[in-house]
Amino acid sequence: MALKVELKPGERIIIGDSVITNDSQRTRLFIEGKAPILREKDILTPATADTPAKRVYLAVQLMYLSSEVEKIQENYFTLVNDIVKAAPSTIPYVTRISNAIIASAFYKALKEARKLIEYERTLIGHVQAGSAGISED
């Protein structure tokens, strides 16, 4: 069964090693095969990976798109060790991501990494809300 992807005008998608940019009108693609596929909205770059959880997502994304997973895994484990030390409550998220990686289910790992990013936003929101009540005196 083919994967159906609809692209907006000018939207980009990665299929395997290729970046495909849609023309000026909406397009529907039917993709068959096992190549990794990422829509533009799901792609992070080093510049946009500006939080620890986003850097974890970027590492997983690179594993998903790369044939040299072992090199990236070292970086991934350094990143997750740092995030777990800073926020032990992230352990369940990191565990699910790591289990998916071990099973070579990289797309599933990406979905779990998205959940980690959302959780990180929640944590940061709590910190920011808490600091609003602290006086500077």
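User: Is Glu112 buried or exposed?
Analyst: Happy to start there. Buried means under 20% relative accessible area, exposed over 50%, and partly exposed in between (1.4 Å probe, protein chains only). Glu112 has a relative accessibility of 9%, so Glu112 counts as buried.

User: What kind of model is this, and how are residues numbered?
Analyst: This is a predicted model, where local features need pLDDT of at least 70, side-chain atom pairs count only at pLDDT 80 or more, and totals for chains, interfaces and linings use all residues. Side-chain values use heavy atoms, with hydrogens and water left out, and residues are numbered from 1 along each chain as its sequence is written.

User: Which residue does Glu112 meet in a salt bridge?
Analyst: A salt bridge here is a side-chain nitrogen of Lys or Arg within 4 Å of a carboxyl oxygen of Asp or Glu. For Glu112, the N to O distance is 3.1 Å, and the partner is Arg96. Glu112 lies in helix 4 and Arg96 in helix 3 (residues 91-102), so the pair ties together parts 16 residues apart in sequence.

User: How many residues apart are Asp42 and Arg114, which form a salt bridge?
Analyst: The closest N and O atoms of Asp42 and Arg114 are 3.9 Å apart. Asp42 sits in the loop between strand 5 (37-39) and helix 1 (52-65), while Arg114 belongs to helix 4 (residues 106-131); this pair links distant parts of the chain, 72 residues apart.

User: What is the relative accessible area of Lys54, the salt-bridge partner of Asp50?
Analyst: Asp50 and Lys54 bring their closest N and O atoms to 3.3 Å. Lys54 counts as buried, because its relative accessible area is 19%.

User: How many salt bridges does a search of the whole structure find?
Analyst: The chain has 18 positive and 17 negative side chains, with Lys and Arg counted as positive, Asp and Glu as negative, and His and the chain ends not counted. Some salt bridges share partners, joining Glu6, Arg26 and Arg28 into one network. The whole-structure search finds 10 salt bridges.

User: What percentage of the residues in the chain is buried?
Analyst: The C-alpha atoms fill a box of roughly 60 × 35 × 25 Å along the principal axes. Of the 137 residues in the chain, the buried ones make up 36%.

Technical notes. The place of a charge is taken as NZ of Lys, CZ of Arg, CG of Asp or CD of Glu. Helices (H or I, at least four residues) and strands (E, at least two) are DSSP runs, numbered from the N terminus.
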